[in-house]
Amino acid sequence: MPAVHDLGGKPTPAPIDRKAEDVNFFARRVTALVTMLRDTRLRAFQTDEFRRSIEGLPPEQYLSLSYYEKWIQGLRRLLVSKGVLTDEEIEARVREVEARLAAKPGAPKGKNR
Amino acid sequence: MNAGPELRAGQRVRVRPWEPKTYNRTPAYLRGREGTVHLCLGKFLDQEKQGYGNPGLPRRRLYQVRFPQTALWTDYRGPRGDSVIVDLFEHWLEPLE
């Protein structure tokens, strides 16, 4: 039974959407984060570790997230597994940012958590 | 696994029908399929090891292998001569001649 990411040859319920992913601000930030951690002096991980982390996301998450959402969740999973960050640290930081945004009228709501 | 001598262009090969649970980049749809060596790309760091944070040594030969589309997909509707070329590491390939 192929893993969830190994889609070649599997039937699809609808024609494949060949439109390019929307490279919005979120996508740019995620790309910057991955590039900074992987390719600068930091060298926190290698490309194939990152791919393995993304491909190991829970199947329902893998199939429902957008391309860059998979990147950020795969990055989170990888950094936690390597001991760079803990889930508690990430959750605490997210609550902090959410509280700051909530205090600011008209600010965007954190969607891509 | 010892890889043996370099495969030559035109040589028939079968992709090993392995289903490892470990990280690899060999697509499921090619496992057990027969193709023809198109080109040896040289030796590259082993991604199956790099996936686990390992440096990926020793390097392994990486091949481009050609598969006729009509052999892969029984309902293929494109031109009969169509093929797909896929990069595959040497340890996945079993020489047939």
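Two strands pair if DSSP finds at least two bridges between them. I noted that before anything else, along with the rule that helices (H or I, at least four residues) and strands (E, at least two) are DSSP runs, numbered from the N terminus.

Housekeeping next. This is a predicted model, where local features need pLDDT of at least 70 and side-chain atom pairs count only at pLDDT 80 or more, while totals for chains, interfaces and linings use all residues. Residues are numbered from 1 along each chain as its sequence is written, and chains are lettered from A and ligands numbered from 1 in the order in which they are written.

**Strand β1, chain B**

I looked up β1(B), residues 12-15, and found that it pairs antiparallel with β2(B), residues 34-44, through three bridges.

Which residues sit on the covered face of β1(B)? I got Val13(B) and Val15(B), with Arg12(B) and Arg14(B) on the uncovered face. I remembered that side chains in a regular strand alternate between the two faces of the sheet.

**Helix α4, chain A**

I moved on to α4(A), residues 67-81. Its 15 residues reach 21 Å from first C-alpha to last, close to the expected 21 Å (1.5 Å times one less than the number of residues). After the helix I came to Gly83(A), with a positive phi near 75 degrees.

I listed its buried residues (20 or more other C-beta atoms within 10 Å of their own, C-beta atoms being placed from the backbone; exposed is 12 or fewer, partly exposed in between). Among them are Lys70(A), Gln73(A) and Gly74(A). The cover over the buried residues includes α1, α2 and α3 of chain A.

**The core**

How many residues make up the largest nonpolar core? I found 11, including Val30(A), Phe50(A), Tyr68(A) and Trp71(A). Such a core is a set of buried Ala, Val, Leu, Ile, Met, Phe, Trp, Tyr and Cys residues joined through C-beta atoms within 7 Å. α1, α2 and α4 of chain A each give at least two of its residues, and α4(A) has the largest share, five.

I also looked at contacts of Tyr68(A) (C-beta atoms, placed from the backbone, within 7 Å). Leaving out residues up to four places away in sequence, Tyr68(A) touches Glu21(A), Phe26(A), Ala27(A) and Val30(A).

Definitions and conventions:
Contact = placed C-beta atoms within 7 Å.
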